[in-house]
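Colleague: Before I set anything up, I want to go through this one with you. Can you put it on the screen?

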Amino acid sequence: MDVVRQQVTADELLYMPDDGFRYELVRGELRRMNPAGNVHGRIAVRITWRLAQHVEENRLGIVYAAEPGFRISSNPDTVRAPDVAFVSRARIEAIGEIEGFWPEAPDLAVEVISPGDAYADVEEKVFDWLNAGTKMVAVINPRQRSATVYKSPTDIAVLAEADVLNGVDVVPGFERAVREIFA
């Protein structure tokens with residue numbers, strides 16, 4: 001992830017002209033994101049598809065894909081973009097339809113590690129999500145064929161292919177074998 005040294009607000013990011021790059025805004029600093037790659041895209045769509053089916057069938061809320069922006073702090077602004085996100089129906093009904101960035105953290109954020117991702121950047125993003133109120137962050141590691149689930153800075157579970165990724169109280173009823181993510 002490249003850092004572009006200039007202070008930017010969430011509104012400025014939203015209305016930036018398309019220059020062919022994807023960005024996140026971290027404490028007012030633009031960070032350019034590298035293209036994700038084939039494996040990353042395949043895994044992200046598998047998770048999105050299964051999660052969206054479950055959420056829609058059970059009327060639980062909305063699943064977001066394609067790295068939508070969530071404004072998770074202000075002054076300076078932070079806008080993070082997960083690979084997949086879920087926001088509960090109750091929160092959607094309370095806030096309503098939003099044109100720009102969602103004004104809060106999602107209930108669930110899923111990050112798929114790309115070949116160019118540095119561990120420190122992924123960890124920083126996980127803790128940004130948790131500190132902003134995300135109830136569960138799942139980090140999918142294609143190289144290790146594993147998933148690490150964070151519910152707090154100390155409640156962390158590493159799941160192998162034989163384990164089950166469970167939405168517990170964040171996405172009730174959602175369960176998938178980790179191996180299915182990589183199939």
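Colleague: Which residues line the second largest cavity?
Modeller: This is a predicted model: local features need pLDDT of at least 70, side-chain atom pairs count only at pLDDT 80 or more, and totals for chains, interfaces and linings use all residues. Numbering runs from 1 along each chain as its sequence is written, and side-chain values use heavy atoms, with hydrogens and water left out. A cavity is a set of points, on a 1 Å grid over the protein atoms alone, where a 1.4 Å probe fits but cannot get out; a lining residue has an atom within 4 Å of a point. For the second largest cavity, the lining is R46, I47, R50, L165, F174, R176, E180 and I181.

Colleague: Which element gives the largest share of that second largest cavity's lining?
Modeller: Helices (H or I, at least four residues) and strands (E, at least two) are DSSP runs, numbered from the N terminus. Two elements, α2 and α5 (178–182), each supply at least two lining residues. The largest share is three residues, and they come from α2.

Colleague: How many charged residues are in the lining of the second largest cavity?
Modeller: Asp, Glu, Lys and Arg count as charged; Ala, Val, Leu, Ile, Met, Phe, Trp, Tyr, Cys and Pro as nonpolar; the others, Gly among them, as polar. This lining has four nonpolar residues and no polar ones. The charged count is four.

Colleague: How much space lies in the largest cavity?
Modeller: The whole structure has two cavities of 30 Å³ or more. Volume is the space filled by probe spheres set on the grid points, which are joined across faces, edges and corners. The second largest cavity holds about 60 Å³. The largest cavity holds about 80 Å³.

Colleague: Which elements give two or more residues to the lining of the largest cavity?
Modeller: The lining includes I47, L51, L108, V110, M136 and A138. By class it has nine nonpolar residues, one polar and no charged. Two or more residues each come from α2 (38–57), β8 (108–112) and β9 (136–141).

Colleague: What is the order of the open sheet of six strands?
Modeller: Two strands pair if DSSP finds at least two bridges between them. The pairing in this sheet is mixed. The edge strands, each pairing on one side only, are β4 (61–65) and β11. Twist averages 15° from one strand to the next (axes are lines fitted to C-alpha atoms, angles run from 0 to 180 degrees between N-to-C directions), and the strand order is β4-β7-β8-β9-β10-β11.

Colleague: Why is strand β10 largely enclosed by the rest of the structure?
Modeller: Buried means under 20% relative accessible area, exposed over 50%, and partly exposed in between (1.4 Å probe, protein chains only). S146, T148 and Y150 cover one side, A147 and V149 the other, and each is buried. Strand β10 (residues 146–150) is largely enclosed because its buried residues number five of the five.

Colleague: Which residue of β11 is the bridge partner of A147?
Modeller: Five bridges join β9 to β10 in the antiparallel sense, and I140 stands opposite A147. On to β11 (residues 156–159): β10 pairs with it over four antiparallel bridges, with a hairpin of five residues joining the two. V149 stands opposite A157. A147 has as its bridge partner in β11 L159.

Colleague: How far apart are the closest N and O atoms of E161 and R145?
Modeller: A salt bridge puts a side-chain nitrogen of Lys or Arg within 4 Å of a carboxyl oxygen of Asp or Glu. R145 also takes a positive phi near 55° in the hairpin of β9 and β10. The E161–R145 distance is 3.1 Å.

Colleague: How many residues apart are E161 and R145?
Modeller: E161 is in the loop between β11 and β12 (164–166), R145 in the loop between β9 and β10. E161 is partly exposed at 29% relative accessible area, and R145 is partly exposed at 33%. The chain separation is 16 residues.

Colleague: Is D77 buried or exposed?
Modeller: D77 meets R71 in a salt bridge at 3.0 Å, N to O. R71 is partly exposed, with a relative accessible area of 26%. D77 has 6%, so it counts as buried.

Colleague: How many salt bridges does a search of the whole structure find?
Modeller: R31 and E29 form one, at 3.7 Å, N to O. R31 is buried at 11% relative accessible area, and E29 is buried at 18%. The whole-structure total is 18.

Conventions:
1 Å grid on protein atoms, 1.4 Å probe; cavity = no way out; pocket = protein on both sides within 12 Å on 5 of 7 lines; lining within 4 Å.
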